[in-house]
Amino acid sequence: MEQPTSHSAPAVIEMTGVAVGSLRDLQDLVLEDVNWTVRKGDFWAVGGMHGSGKSDLLFMTAGLTPPQAGCYRLFDFEMPIFEGELLKERLRIGLVFEDGHLLHNLTVRENIALPFRYHKHADWHELEKRVNALLELTELMHRADVTAINLGRNLQKRAGLARALALQPEVLLLDNPLGGVDLRELNWWMNILQQLSTGKGIMEGRPVTLVVTAEDLRPWRERASRFAFLQNKRFFEVGGARELEHHTEALVRELLAEGTTKN
Amino acid sequence: MEEHVSGTPAPASRFSFLLQAPLPRSYTNFIGRKFFLFFLTIQGIGAFALITMGVMVRKLRTARSVTMPLAFQELARSGVRLVPMFVFVSLVLGLVVIGETVSWASKVGATRFLGPVMVLVVVRELGPLVTALLVLSRSGTANVIELGTARALGEVEALEALGIDPVHYLVVPRVIGMAVGIFALAVYFIIGSLVSGYLWAFLQNVPLRPGDYFNQLAQSLTWLDFATLALKSAFFGVAIAVITCYHGLAQPLRLDEISRATVRAVAQSVVACVLIDALFIILYLAV
């Protein structure tokens, strides 16, 4: 089980009284009064039912939408940051979408190379080396030259992960990575996230701070170090794995599939 | 009230009450809504055009290794690949203009006006406009569908998450490619029409030697024609690219909304091209 990160670790994400708007309509608030601190090295699992605002929370955290109220600081820089000199600070955070959201007319290789080509002035050799490393990491080398639209859903998610890692982010947000995957794929994701979290063998040995959202917290109880859940437009912090096991909230029991549905 | 012989009101006044009657509220509401939508659309497209121009200038040197190939790709799509179709249409246009003109001019012995007519009709008006409309039908519609699909599938958000400005990546290359593509195609189209015009005149036994015909053309052309052609076709390209990209990108779309967005974009692009054309006629006449 992951050990909770020391409270002396620097905060990478700090939200105070933040309101989160829906991506489709920012005025439509899906979460209010979010107070949340993610520290370097944390591994968070945020649970919630479908439509509870998990994706919108991650989109706002990744900087796609501005907070509708409150204060959100990323690496001590006030968000939102959309462009300019501070964009490089925002790029220290990566986002993996639930369905990968690859650019459908590009190949897997081109998708992974895109952020690197856009932001870095690296030569072709370095680009090739970096992209090949990510293809090997995500076991996509054999599908590297396939157009994204012709890729299966599971592999699209893996390619989405590879693309998000192209800029070597320090914080990685993953939107429901286990949604709709089979057991073999589930194990693959668990292993890769474990490696990212510890920094063993990848990312030049640098641990990555992780935040995943889930509709089922069971697979994460042995992996994540911190837990939270979303309910009635609110963000509730649970604590570590021990607190999760003893939490009495009905939704938490449901997210752990311990059945509390009343008829 | 004026009485008709049969005792019924005179026809002129029989329906005059219709003019005096207040319009039903639903009609006025309908017209009002249409006006509001019209102005909102103009505002939206105008703002999108300004944003695009701003990004184009500000990010002129940003990620050129990514955006330049995209601009060339768009140039190929809105230019090079359409050349066969344009050759065919230019042959037909030369036939139409010269055929009509010859049948009229030969009756009054005015074949010396063939050159000026070709310049007036093909170079100044039909060449750029027909080019723009054909490119709109082939590439403009593809723009809306591609970008609308990208938007509906969440690709725009993916770009934003990667710190890539969607306007810079998706719109700017299309604007550049389409502006250059329409200009280049308009030039080829005009050359094709002028040459085919002479061929058709020749086949109709018009007593006009090639040297005389091209001399007529040269004498009718002024520097203003070249400047107008370049500016007008570039403006058409920018307008079509901005409007089609606006409808594909500017608002969140679902997949089922893309067809309606495409129809709107085509209609508005046609209106924009005709308005630009009218504006250039006014400017041309003023100069």
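Chain B and chain A bury about 2,100 Å² between them, and carbon and sulfur atoms account for 59% of that area; buried area here is the accessible area, with a 1.4 Å probe, that two parts lose on being put together, summed over both. On the chain B side, E155(B), A161(B) and L162(B) lose the most area to chain A, together 26% of what that side buries. The size of an interface is often given as the accessible area lost when the parts come together. The contact draws 26 residues from chain B and 21 residues from chain A, where contact means heavy atoms within 4.5 Å.

The model is predicted: local features need pLDDT of at least 70, side-chain atom pairs count only at pLDDT 80 or more, and totals for chains, interfaces and linings use all residues. Residues are numbered from 1 along each chain as its sequence is written, chains are lettered from A and ligands numbered from 1 in the order in which they are written, and side-chain values use heavy atoms, with hydrogens and water left out.

Chain A contains eight helices and ten strands; helices (H or I, at least four residues) and strands (E, at least two) are DSSP runs, numbered from the N terminus. The radius of gyration of chain A is 18 Å, which agrees with the value near 18 Å for a compact globule of 263 residues. This radius is taken over C-alpha atoms, and the globule rule is 2.2 Å times the number of residues to the power 0.38. The C-alpha trace of chain A spans about 55 × 40 × 35 Å along its principal axes. Of the 263 residues in chain A, 54% are buried, a class defined by under 20% relative accessible area, with exposed over 50% and partly exposed in between (1.4 Å probe, protein chains only). Among contacts in chain A between residues at least 6 apart in sequence, 65% join residues at least 24 apart.

The accessible surface of chain A amounts to about 11,900 Å², and 47% of it belongs to carbon and sulfur atoms. Accessible areas come from the Shrake-Rupley method with a 1.4 Å probe; for residues, only the protein chains shown count as cover. Chain A carries 30 positive and 36 negative charges, whose mean positions are 3 Å apart. In this count Lys and Arg are positive and Asp and Glu negative, while His and the chain ends are not counted; the place of a charge is NZ of Lys, CZ of Arg, CG of Asp or CD of Glu.

Several residues of chain A were examined individually. N111(A) is found in helix α3 (residues 108–119) and is buried, with a relative accessible area of 0%. Not counting residues up to four places away in sequence, N111(A) touches L102(A), L103(A), L106(A), A148(A) and R163(A). R153(A), in helix α5 of chain A, is partly exposed at 38% relative accessibility. Its contacts, leaving aside neighbours within four places in sequence, are with E98(A), D99(A), G179(A) and G180(A). R153(A) and E222(A) are 69 residues apart in sequence and 26 Å apart in space, C-alpha to C-alpha.

Backbone geometry was also considered in the loops of chain A. The peptide bond from M79(A) to P80(A) is cis, with omega near 10 degrees, and P80(A) is found in the loop between β5 (77–78) and α2 (87–90). E139(A), although not a glycine, has a positive phi of about 55 degrees. E139(A) lies in the loop between α4 (124–137) and α5 (153–165) and counts as partly exposed at 46% relative accessibility.

Chain B has eleven helices and zero strands. Its radius of gyration is 25 Å, well over the 19 Å that the globule rule gives for 287 residues, so chain B is more spread out than a compact globule. Along its principal axes the C-alpha trace of chain B spans about 75 × 70 × 35 Å. Buried residues make up 46% of the 287 residues in chain B. Of the contacts in chain B with a separation of 6 or more, 85% are between residues 24 or more positions apart. Chain B exposes about 15,200 Å², with 72% supplied by carbon and sulfur atoms. The mean positions of its 21 positive and 15 negative charges are 3 Å apart.

A positive phi, of about 45 degrees, is likewise found at A63(B), which is not a glycine. A63(B) is found in the loop between α3 (25–58) and α4 (64–78) of chain B, and at 4% relative accessibility A63(B) counts as buried.
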